[in-house]
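Look at the model first, then read on.

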Amino acid sequence: MKDQLFNLIKGTNWKTVLDFLDQLSIEDRYKALGYLMHMDINQNLLGQNGFDLKGVEREKFFDNRKKISSCRDIAILACTRNKEELKQAINEFGLSEYGQLSNCLATPDLGHEPIIQFFKKYPPNYLDGLIKKIAKERFSRIDFKILWKLYENDWISFDEELFVRSLFIVHMFDRSTVADANFLIDHPKAFEMVFLQFYKYELPVLDISKWQGRYDFQCAKVNTFWTEVLEIFLEKNIKIPRTLVKHLLESLLNNWKKPHLNWHISLIKLLAPTKAEYLKHQKLIFAFLNSDNIRTLNFTVEILGLIHKEKEFDHAALIASAPTLFIREKVDKTLSRLLPIVEFSLDNNQDLKKDIPQQLSLGLLQVNTHTQSKFAKLLVKYTPKADVATWVEPYTSVLKIKALEILGVEKQVEETEVHSNKKEELQPISPPQNWEDLLFHIGTCINTKSACDIDLFFEGLVQLQGIIPEDYQKQLKPYHRQLNKRFWELEVMLYFKEFIDNWFEGNKRFVETVSREKNSIPFLRYKSKFVFERLQKRNMMPILSTPTHLPFYVHPDILIDRLQVYEQTNKNIDLEDLVVAANRIVKVMPSKNTLEKAKSLKGDYKFAIQYLLGVSDSIKLKGKILPLNKKLLPLWSQVCRTKEPDKSFPEFAKTPAKGIPSVVNPFYKDFRIQVETSDVWTWYRLKIADNWNNTRWYFDKKDKPKDYPVSYYYAAPHGLTSRADILYQISLLPHYSDAWLCRYLPDTASGNEVDGFEQCQYPLQALLDYKLKVYHSGWLYIAQCLIFEKKISRELAAEYILFSINNDTINRELLAKSIGVMIANKYAPVKRLTDYVEKPGQPKTVKELQLIILLNCILQGQPGYLPNSFKKIVTLYGELLKELKMKEDPTITEKLKSLKK
Amino acid sequence: MKVVDFAYQYHQASRLGTIADEKALLLSHCSEIETDNDVSCFFYGRFADSFLASQCLVTLAKTVRSHFAVAQGLHMRLRDPIISVGSGQLRFEGFSSCNGVYARVDMDEASLDGEFLNAGCTNIDFNNPTIRAFNEVGRSEKLILGIGEKETNFITETENIIEKKVSLPNRWIKGLGNVQTYLSDMECAFTLTKIEAIQFFRTVPKTPVKSDYYIVKETNKCYLSAVAKPGTLRIAGVHRLALLDRLLTLVDSVSFYADESQQSLAITMHFKNIRMLFVFSPGVYRGFSGEGKTLESQTMVLPDDYILGMNQLCKTNEAFDANLLAIESNVDFKLINDLTATLSSIGLLGYDLHQQQHFYRRLPFKLNRLKSLNPRFANAQKLVANEYIQITSQNGGAVVAQVKGTDGVTHKVILDSNQNRCTCNWYTNHQDKRGLCKHILGVKMKLEEANS
């Protein structure tokens, strides 16, 4: 039997297969089922898997194989003839409950005829439940035509949603708009019971599929398939009940995805409702004014425009519903079309004017000058002159010059909160004081990943190494497990884990597990190794760079005390540790006692530390023997820059450090916007001198920036990194981060990937959180962030600018010029800048800065190469001038004239 | 034992129609508790301001359908809200699909004109036609609302919708307890006028934002800042605030509430006689279900009879005053406090921010379902029962214990007056921000057991 059955299947003649199984007893059919279930088509029937074949032969092989597979599916299905037999087969032979049925209901290569023929002979009593189960499967597909056939034969009951979904889901490759339209025309019951019910369900019509359209093969969203089907119906004059218009209109109030609702709108338009139809449903249409969907709003206003002059139009309902739109943002076009309709209703219905001033005044909150002016005009028109000022009063701070003029009111001087410039008190911190604290501090490090916590842990461990319990490994095990169970991407955690691993394992020598290619925080790796060494040597000397105050600062009093401990015990300090400690210094006046102690320091670093603390003004680079102590150059150069960020230090001009950025001169870098174009794309790229921001891994290696020694933190010699690593990096250079910030500048303000988004966020967030100053080319970074594609970056930049203005640390010229160059060279859309300028409730100091920025944008403008919406810049410049009561600069007048030409 | 999600089926769909030429909406209800399920009608009457009430309910529907944390296998679904009827009040409440936003509409007697026929708490069918019906209510229109069916001349054009079985995930129900605990710790930070509120909400980003934002209130303005400052309120997933947009033209004032930890933020929109509360979870990917906030005061296991007995003592929506109840019922204060913690943890006590007090409601779920929703509590009980906890030292208020963990790990737990600490993964990740870990809770239970 086995061979005969296999041969029949191999022949792909399903009729003979069904005839063969038809003659078998139930026992034999189960036996056959066993053979079929364990049949390997390649091995048992074809003798090969076909992958070695090529060209036509390969194609033929797989076509045949698919037919064989379909034939086997129908054979398996035919082995059981009713629910009971199927259940037995599932229980005894492990038959899949609906695997074969699912294949037969999709689009089998042998078509649907076999399954229909089989069911005709043995009507199924199990289909309802199984079809529901198949429909729930994620990747299942049930061909609607077979589903309808099953229903017509009364083998399944009608389930509207299931049927509608089956019809409207368009699977790849095997559908055609013409064929589907014809099928529905030929099956009026299906047309009525299924097709016309689609409006009730949020169907996956926004998925992309491929099908045969009327004119060509298409790859598009499924809704276009059904729009075309409807077009075919309309062309063929197939009667579509007008209730569909009502249902589609109603559906616009569903909380569905916007593109889905947009599709319903396009279908309504296709059905071309009459004015009378719209008027019949006008109550519904007024409810659309609450919609979140701009397209629905525009559609509503379009309908209102069509019907508002009709006699049956409900003007009162319009006046009651329209105000919801008055405060909506970014609906200027909709409002510009709605307001004349509102005006028409008010003009023709005196009784509706009573409450309108209150509603119209809400429209004064609109940011767009034109929209705001329109509301102002209407307010003046429908409000007694004496009352205008009262209605306008709460909004004066947000009114533009034009609206103020229309309303005839003066702008109030805005009360702005006075921001205290008083420095916040620094919060002291200390390392763990006992074993329990140290143990739980590991958890804190894993949780916060902060430089401060990790460095405090190292300090605590060094100080407490004498009291570590014998069973420390047992106690450490939960943390060791936590660290090893996770995949860490952050370098901070990789180094921390590496250290804990070494300590937990009780290694005698430090075993490196982190790849040497990681290069963003070499200091942490260095530090963990020297802490490990100290444990081995029972060395309890303090670590100089351990923070003493939040977030990561070292107080000069404590630094001097720590240095004295080294000197009193004749131990050598670690120079790298001292460089970081000096970089992390708190900029406060040290106590007298500390100054005295500083004077008595003995090490060769003493002059640098004395200079840093203000004990001495002279830069003494000379060593004990040689004319220059090269070892101390990183310390000296950074101490000088920390102390005097704006100064030039010619003292370093003859040292090997002369070529290192930030050493001799403050960090200033030129930049330009480079345009790269092809037929289909244009990129505007920010190029900083010396390829400074050419740091990302996918950039051309030829243009790599120059490498600098790792100890010169102010030259930002380390690799780019992300999140917590960024915070560790900035803890090493808090007093002069300009070069570091420029490294993080993405080369484009639009079209970035995640790394670009993060680069314009985390460093900036750190500047704000730690209240750090930017001095020189770092402002280029702030400029880019202010017009960057991510809103969070723009807001952080605006916040940072405000912080700098309040603390008088802003470099207005550099910031304004950078933005001017970027905007004039189309590096970022003008709108990003105008959004910042138009932000309501800004203090005068910010507006003054904004004026300088706009002025620079105009000055940098090139005739014939102006960015889109450049006019808006000129308008805002004029408005700001008026608001600040300033006169236009004559150079601007000339420039504007030249630009107009 | 894992309790499967609550699957239910309304006997029929909520229906829209007319009663004596007035628009009427009869909401179907369903409860896991049979006695409540058998109630034909809880409330029947009109809203004083049907337009306003409808807009609030549309916003509630929008909230329960919204989904802010996109996770694999989780789909945006409309979860039916629950309603508590009693003490002259209607409270509609629900969570967003992701469990990160809780919304409640509180309607008091002045906002309703109708009959409170039965007190109780039930799920109500918020199907698409229902939401459309609320959407369609005009400003001057009246709407009759029935929570359940009453014999009336109800005429409906609504097509016969066959209601399908829907499931309400346990995490949804679990959040009901946690959110009330958050609310009870909150205080009003500031209130905005209508114009201030409109101006503030205009600054809210409409697209998803990963970073936290901070709400800054200055003398004459309120705005969002990306940077924390003293006195600001933290909001995670600030784009979630867009849910409130629709109601801004109708609002009288908007109050902002937060607790000291600023983990969660609550906003109340005040309308004439109606209030709408929104509570935002501490993060977009942190639903209220996983918060474990209720565990902190829950170290006693109370018999079911005590919990069920509360239903005899309190009515739905009635103010719940633990002290008064202790005095009136002559019950020990400690017991009543434990009872309050237990009731709160299983969602039987709601919290009214405006009135600053708890209210009672018997949720439409069986007690064993409600009690099964806290796996951390159950796991802590297991640790105690299996004697996995060893108190190694107890000195004054400080307790050191070792708790057997999995894979040969022993966790160290230290309880002292300042802080409870544990070496487990949960504590490392969440510290004390999401309730106690099972080890600390277990040690507390063991101590409680020893003391009693």
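## Interface and cores

B:Lys412 and A:Glu436 pair up in a salt bridge, with their closest N and O atoms 2.9 Å apart. The model is predicted. Between chain B and chain A the count is eight salt bridges. Polar contacts there come to 24 residue pairs, both residues at pLDDT 80 or more.

Which elements of chain B give two or more residues to the side that touches chain A? The helices are α2 (50-65), α3 (128-136), α5 (194-202) and α11 (425-430). The strands are β15 (213-218), β16 (221-225), β26 (410-415) and β27 (420-422).

By class, that side of chain B divides as follows.

| Class | Residues of chain B touching chain A |
|---|---|
| Nonpolar | 15 residues |
| Polar | 21 residues |

In total, 55 residues of chain B contact 63 residues of chain A. The area buried between the two chains is about 5,200 Å². Carbon and sulfur atoms give 46% of that area.

Now the nonpolar residues. In soluble globular proteins, nonpolar side chains tend to be buried together. Here the largest nonpolar core has 380 residues. Those with the most contacts inside that core are A:Phe195, A:Trp226, A:Phe457, A:Phe499, A:Trp503 and B:Phe92.

Take A:Phe499. Leaving aside neighbours within four places in sequence, A:Phe499 contacts A:Phe457, A:Phe458, A:Leu461, A:Phe510, A:Ser528, A:Val531, A:Phe532 and A:Leu535. Another core, of 43 residues, lies apart from the largest one. Its members include B:Ala266, B:Cys314, B:Ile336 and B:Ile346.

Definitions and conventions:
Residues numbered from 1 in each chain as written. Chains lettered and ligands numbered in written order. Predicted model: local features only at pLDDT ≥ 70, side-chain atom pairs only at ≥ 80, totals over all residues. Heavy atoms only, no water. Contact = heavy atoms within 4.5 Å. Buried area = accessible area lost by both parts, 1.4 Å probe. Salt bridge = Lys/Arg side-chain N within 4 Å of Asp/Glu carboxyl O. Polar contact = N/O pair within 3.5 Å; in protein donor to acceptor, adjacent residues only side chain to side chain. Helix = DSSP H or I, 4+ residues; strand = E, 2+ residues; numbered from the N terminus. Nonpolar A, V, L, I, M, F, W, Y, C, P; charged D, E, K, R; others polar. Core = buried A, V, L, I, M, F, W, Y, C linked by side-chain atoms within 4.5 Å. Buried < 20%, exposed > 50% of the residue type's maximum accessible area, 1.4 Å probe, protein only.
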